[in-house]
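Here is a short tour for anyone new to reading structures. Keep the picture open and find each residue as its name comes up.

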Number of protein chains: 2
Amino acid sequence: MTTEKLSTEIRKEQIAEAVLQVLGDNNIKRFNMADIAGQVGLVPSALYRHFKGRDALMSAVLELIRSKLYGNIEAVRQQTDGAVDRLRDLLFRHGQLICQNHGIPRIIFSDELWGQKRERRQRVYRIVTGYLAEIEDIIREGQDQGSIRRDIQARVMAAMFFGIVQPAALLWHMSDGVYDVEGHVTAAWPIFLETITR
Amino acid sequence: MTTEKLSTEIRKEQIAEAVLQVLGDNNIKRFNMADIAGQVGLVPSALYRHFKGRDALMSAVLELIRSKLYGNIEAVRQQTDGAVDRLRDLLFRHGQLICQNHGIPRIIFSDELWGQKRERRQRVYRIVTGYLAEIEDIIREGQDQGSIRRDIQARVMAAMFFGIVQPAALLWHMSDGVYDVEGHVTAAWPIFLETITR
DNA sequence: AATTAATGTGAAATTAAATTCACAACGATG
DNA sequence: CATCGTTGTGAATTTAATTTCACATTAATT
C-alpha cells in the first residue's frame, strides 16, 4: 500500500476534521480509531504517530470545534455592523455550522466527555460559556447604543438566543436531516427580534 | 451472597431507574452493565434474567424517559387551568426533571442512540416531537381562548419554549450542577410570557 | 547516493466490556 | 415436603476496540 507522507501538522488537522466528518455521516456509533484512519486514508496505528492516543485526538477535536465557533463570532464582528444585525448573522451562521458539521453536537454531548476527566467537561464548559459571553457582549453593545432594550439582562437574552438553534439542531440531528433548521431559525428570528427591541 | 429475589417486573423498573441514576451521578462515562447491576445490588449476569441484553435495557430506559416527560404534560393538564399558566408550570417542571435526572440528556444524546439502529433514533425523535406537539396543543388552546397571540405559529413558539430549558440544562450539566437552571428559567419566563401574549 | 529522522504498515498484545453457562437458592404450587 | 419454574451467582467466553511494536518506506539533508 502506498500512502503519501504528510507533515504531522497537516495530518493532525486532517484527522481532527475526519472525526467531525465521520460522526457527521450519521451512520454509526461512537467514532473509532479505525474509521478515522480509514477516512484519512491511513491505517489505525498510523494515528499514533500524530496523537498520543484517543484522548489527545479528542482534545484536538475540541480545539477544532472551538475555532469553528469562535470563527463565526469573528466573522460577524468583521463583516457586519450593529448589534442587531450581528446577532441575526450569527444566528444563521450558527445554524449552518451545526447542520454542516453535526459531528459537533455529537462530540459536545458524547459520553466520552462526561466520563473520567473533569478537566474535559470543564474545557467544554469554558468553550460554551465563552461563546455565550461573546453573544452577551454583542447584546450589551446593542444596549449601550440603544438598539436593544436595556430592561432585560444580557446574559438571559444570550441564553435564549442560543436556545433558538439548540432544539432545532437536536431535531434535525434526530430526524436524519429532515427537520428544517433554516426554516425554524427564519421563523424564530423575527420573534426574538421583536422581543429584544421594542 | 444473599440477595432478595424480586419479580421481574419490579426488577425491570429498578434497573431502568438505576441507569438514569448512574448516569446522573455524573462521575463516569457511558454506563456499563456492571455499574447498573451494582446500583441495584445484583451481579452483572443477573441483568440478563430481566433483559435480553443491553439493547433491550436501553429500550426500557427510553420508555421510562418518555413516561417521565409525558407525566409532566399530564400533571399540568390536570393541576393547572389556562394555557399560559400551564406553560409556566410545565417550564419549571421540565427544568426540575432535567436537573434531577440528568441521566436523561445523557441518554438522549448518547452515542448509543446514534449508532446502528435507525429505529432507535426515530423512537427518540418521536418522543421529542410528541412532547413538542403536546406543548403546541397547549399553545393552540391558548390561542383559541385568546390568552396567547395568534400571529405566531404555535409550532415555532413550542420550539422556542423548549429552547428556554435546553441551553440551561446543557450548562448545568457541564458545570457539574453549578449553573443555576431555576434562576435562568425564572428570568426567562417573564420574557417569553411577554412575547407570547401581546 | 548515503544517512537519518519522520511517517506509514501489519500483525500481535492489551484492555474492557457484554454475554453465556452451569449451578445454587428461593418461593410458589400441588 | 417435593417439585418446578424463576431469580441470582461466579467463572468462563466472546467480542470489539485501542494500543504497541518491529519493520518498511519516504523525504530531506548532506
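## Rings that gather

Start in chain A with Tyr70(A), Tyr131(A) and Phe162(A): ring pairs join them into a cluster. Keep in mind as you look around that this is a predicted model. Over all chains, the structure holds nine aromatic pairs. One of the pairs is made by Phe109(A) and Phe109(B), and it's a stacked one, with 3.7 Å from centre to centre and 10° between the planes. This pair crosses between chains: Phe109(A) is in the loop between α5 (103-108) and α6 (111-114) of chain A, while Phe109(B) is in the loop between α5 (103-108) and α6 (111-114) of chain B.

Now look inside chain B, where Phe161(B) and Phe192(B) form a tilted pair, 5.8 Å centre to centre with 55° between the planes. Here the pair links distant parts of the chain: Phe161(B) is in helix α8 (residues 154-174) of chain B and Phe192(B) in helix α9 (residues 181-196) of chain B, 31 residues apart. The cut-off for buried is under 20% relative accessible area. Phe161(B) is buried because its relative accessible area is 3%, and Phe192(B) counts as buried because its relative accessibility is 4%.

## Charges over rings

Rings can have a charged neighbour as well. In chain B, Arg54(B) lies over the face of Phe31(B), 4.2 Å from the ring centre. You'll also find Arg66(B) with its charged end over the ring of Tyr70(B), at 5.1 Å from the centre of that ring.

## A spot in helix α8

Go back to helix α8 of chain B, and you'll find Ala158(B) there. Ala158(B) has 1% relative accessibility, so it counts as buried. How far apart in space are Ala158(B) and Ile135(B), C-alpha to C-alpha? They're 5.8 Å apart, although 23 residues separate them in sequence.

## Two copies, one axis

How do you get from one copy of a chain to another? In general, two copies are related by a rotation about an axis and a shift along it. For this model, chain B is superposed on chain A by a rotation of 180° with 0.0 Å of shift along the axis, and the RMSD is 0.1 Å. That makes it the relation of a two-fold axis. If you want to find the axis from chain B, look for Gly163(B): its C-alpha is the nearest in that chain, 2.1 Å away.

On to the DNA. What about the DNA side? Among the atoms of DNA strand C within 4 Å of the protein, 52% belong to sugar or phosphate, and the rest belong to bases.

Thr8(A) has a backbone N or O atom 3.0 Å from one, and an N or O atom in the side chain of Arg11(A) is 2.7 Å from one.

## Meeting DNA strand D

Which residues are closest to DNA strand D? Of the 25 that surround it, the closest are Lys5(A), Thr3(B), Ser45(B), Arg49(B) and His50(B). Sugar and phosphate make up 52% of the atoms of DNA strand D that come within 4 Å of the protein. The residues of this surface split into eight nonpolar, nine polar and eight charged.

A polar side-chain atom of Thr3(B) is 2.5 Å from one, a side-chain N or O atom of Arg11(B) is 2.6 Å from one, and a side-chain N or O atom of His50(B) is 2.5 Å from one. For this surface, the elements that give two or more residues are α2 (33-40) of chain A and α1 (8-24) of chain B.

Technical notes: Residues numbered from 1 in each chain as written. Chains lettered and ligands numbered in written order. Predicted model: local features only at pLDDT ≥ 70, side-chain atom pairs only at ≥ 80, totals over all residues. Heavy atoms only, no water. Near = heavy atom within 4 Å. Polar contact = N/O pair within 3.5 Å; in protein donor to acceptor, adjacent residues only side chain to side chain. Phe/Tyr/Trp six-rings, centres within 6.5 Å; stacked < 30°, edge-to-face > 60°. Helix = DSSP H or I, 4+ residues; strand = E, 2+ residues; numbered from the N terminus. Buried < 20%, exposed > 50% of the residue type's maximum accessible area, 1.4 Å probe, protein only. Lys NZ or Arg CZ within 6 Å of the ring centre and 35° of its normal. Least-squares fit on C-alpha atoms with pLDDT ≥ 70 in both. Nonpolar A, V, L, I, M, F, W, Y, C, P; charged D, E, K, R; others polar.
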